[in-house]
Amino acid sequence: MISNLIKTTLFAMVLAAGACAPKDETPVIGKQQPEIKNGRMTPEVLWAFGRIGGLQLSPDNQKVLYSVSYYSVAEDKGNSELFVMKTDGSNKQQITTTATRESAAKWMNDSEHIAFLSAESGSMQVWIMKSDGSDRRQVTDREGGINDFVLSPDETKILFVADVKYGERTVDKHPDLPKTSGIIVTDLMYKHWDEWIQTVPHPFVAEFDGNKISNEKDILAGEPYESPMKPFGGIEQLAWSPDGKTIAYTCRKKTGKEYAISTNSDIYFYNLENGKTENKTEGMMGYDINPTFSPDGNWLAWESMEHDGCESDKNRLFLMNVKTGEKKDLSARFDQNSEGLQWSADSKSIYFVSVWHAVSQIYRADIGTDTIVKITEGQHDYESVVPAGDKLIALKHSMSKPNEVYSVNPKTGKDTELSFENKELLAQLKMGKVEERWVTTTDNKQMLVWVIYPPEFDPNKKYPTLLYCQGGPQSPVSQFWSYRWNFQIMAANDYIIVAPNRRGLPGFGQEWLSQISGDYGGQNMKDYLSAIDNVAKEPYVNKDKLGCVGASYGGFSAFWLAGHHDKRFKAFIAHDGMFNLPQQYLETEEMWFVNWDLGGAYWEKDNAVAQKSYANSPHLFVDKWDTPILVIHGEKDYRILASQGMAAFNAAILRGVPAEMLIFPDENHWVLKPQNGVLWQRTFIGWLDKWLK
């Protein structure tokens, strides 16, 4: 249910959960110093890491700007601060220390000032300060606030995103009932991700004189569409042309049922001189997002998917000649995704990040020769990359280390850490070994499986072992660092973790990725069992103490395997999992997903693909459940409703199967609040310890 399209946005959503209360009421949240015993990771330690994001390079290529979010479990909130350093890592400065979150920070043309968003005045507004944090001043005071922004190339205009009212509300129809909580619904897409849709984001453009904005104009005035696209789209879906005369924006110009069944978004050009809008990707039927102009203005690059309704199609690197409109797929011979596009200064190359064989590396596409070159190697994930003269500046993480800022040599791929935000904390921790293993599947394919061992692993001992089932279902099991599904905290509790890159994951070619659609209970389930059976043969694995855990599609996997595991497992954990597929078809908001991945509606009796999917619904196999199961769900999860988890828990109890349920009334498909996150970890490990130790 979470595609590779939004992989990089997962981190941004976590960073967004900062504090916005006035200075005199809220303490500044900075680095935490948790107690560390025996060098082992704990939930409190996990929440003490500084979370780096928002990487920005100064126009003179001399300085790096980035944000670090800190969280306080005691305060149950977080805050982000801004940092600046030179591109060699020297002169690092924390330039903000406030109780109100600074976000969306961007360099100004002089490389001496920074524009950013702050809620210091009570709502999110644009502020400007010097790059050392001094001379802060507010430059917008717009009613309703601003979600994100980017200045025009000459800084005489500002393009910003703000929410506008969507549709007719109950009080509009019944003004004499201003306190009613009832919502009258007449079409689909009435809620999305974790909110009831009452507003949509629109792009606005306004004049900017350096001190205030004026003459703002809604580019989508009178249109009921969203740009950027909910729930995860940001300013990366909008772009200025270098001459400042054109704004490119991403939009799916559909509403209601039409919106719910389609992924067909387009790239539009808005002409500031005449106010006209032109669809530049008309006829391209899948996701077309994240436009970026070349520095010379001759080219537009963007990320494109081919098929309408498929949110996890191959993410292609498309290029258009701005003058002629001619388009080409630069990644036609590249059987991988292309994400986070960044132009070189000479407009001849595009840098991007792509996952292959469960690691994400930096690549370069040369537009003159249509060639793609891999720059980096190693057991890690690069999250983003920015060209910086003769070097690249990038964010990198792994299963054993959260994001840090690195300098990368674009010729050799050698990298050098610059930020060291979590150096002291990491130095106190013992991380488990992460091993790459290739396993033969039941259809004689080779599958990459990550095996993570406990710190101080002793091959002469026997360890309880966990099968990790990935969500998405098309999200990569790469070298990700997670603040919930963190393999090192599982390993710190003396578990071995088996994390297979089963069918349906990117990084192994489009055929491997696409196989899962319409086959939820098929080959990918066999892949799971091939992985755990292979590792369970090792003498250090306690075959009588195997567990199975996962979220979203991984939660579905746990529910499904609970009825098909032939007594392999002694405990299950399913978070936000699909339990009843016919009900899921009617409950979820993004209908394109269930239409594509399940094959259609359950009432389509002549639809063989759909009928195969629904015949594999986990609720049909509850009669075979015989193993303890923990169910976790968030009641603000509108992707997979909490009723799915509650039904599974109820079924287990009625069947006499030992079960426990953890419900978060205030969380969505993720768990974002610190104390909820700590409770999640304690409950997770407590359940496993109860049945596997």
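Keep in mind that the model is predicted. Across the whole structure, a search turns up 38 salt bridges, and the second largest pocket holds about 480 Å³ of space.

**The second largest pocket**
- The second largest pocket is lined by 24 residues, and those closest to its centre are Y166, E168, I183, I184 and I197.
- Helix 3 (residues 170-173) supplies three residues, the largest share of this pocket's lining.
- Sorted by class, the lining of the second largest pocket consists of twelve nonpolar, eight polar and four charged residues.

**Salt bridges between two residues**
- E417 pairs with K401, with their closest N and O atoms 2.6 Å apart. This pair connects distant parts of the chain, 16 residues apart: E417 sits in strand 30 (residues 415-417) and K401 in strand 29 (residues 401-408).
- E417 counts as buried because its relative accessibility is 16%, while K401, at 21%, is partly exposed.
- D527 forms a salt bridge with R503, and here the closest N and O atoms are 2.9 Å apart. Again distant parts of the chain are linked, 24 residues apart: D527 belongs to helix 8 (residues 523-536), and R503 to the loop between strand 34 (496-500) and helix 7 (510-514).
- Both D527 and R503 are buried.
- D135 and K130 meet through their side chains in a salt bridge of 3.2 Å, N to O. K130 counts as partly exposed, since its relative accessibility is 35%.

**A salt-bridge network**
- K31, K92, E421 and E424 are joined in a network of salt bridges.

Technical notes. Residues are numbered from 1 along each chain as its sequence is written. This is a predicted model: local features need pLDDT of at least 70, side-chain atom pairs count only at pLDDT 80 or more; totals for chains, interfaces and linings use all residues. Side-chain values use heavy atoms; hydrogens and water are left out. On a 1 Å grid over the protein atoms alone, a cavity is a set of points where a 1.4 Å probe fits but cannot get out, and a pocket is an open set with protein on both sides within 12 Å along at least five of seven lines; lining residues have an atom within 4 Å of a point. Grid points are joined across faces, edges and corners, and a volume is the space filled by probe spheres set on the points. Helices (H or I, at least four residues) and strands (E, at least two) are DSSP runs, numbered from the N terminus. Ala, Val, Leu, Ile, Met, Phe, Trp, Tyr, Cys and Pro count as nonpolar, Asp, Glu, Lys and Arg as charged, and the others, Gly among them, as polar. A salt bridge is a side-chain nitrogen of Lys or Arg within 4 Å of a carboxyl oxygen of Asp or Glu. Buried means under 20% relative accessible area, exposed over 50%, partly exposed in between (1.4 Å probe, protein chains only).
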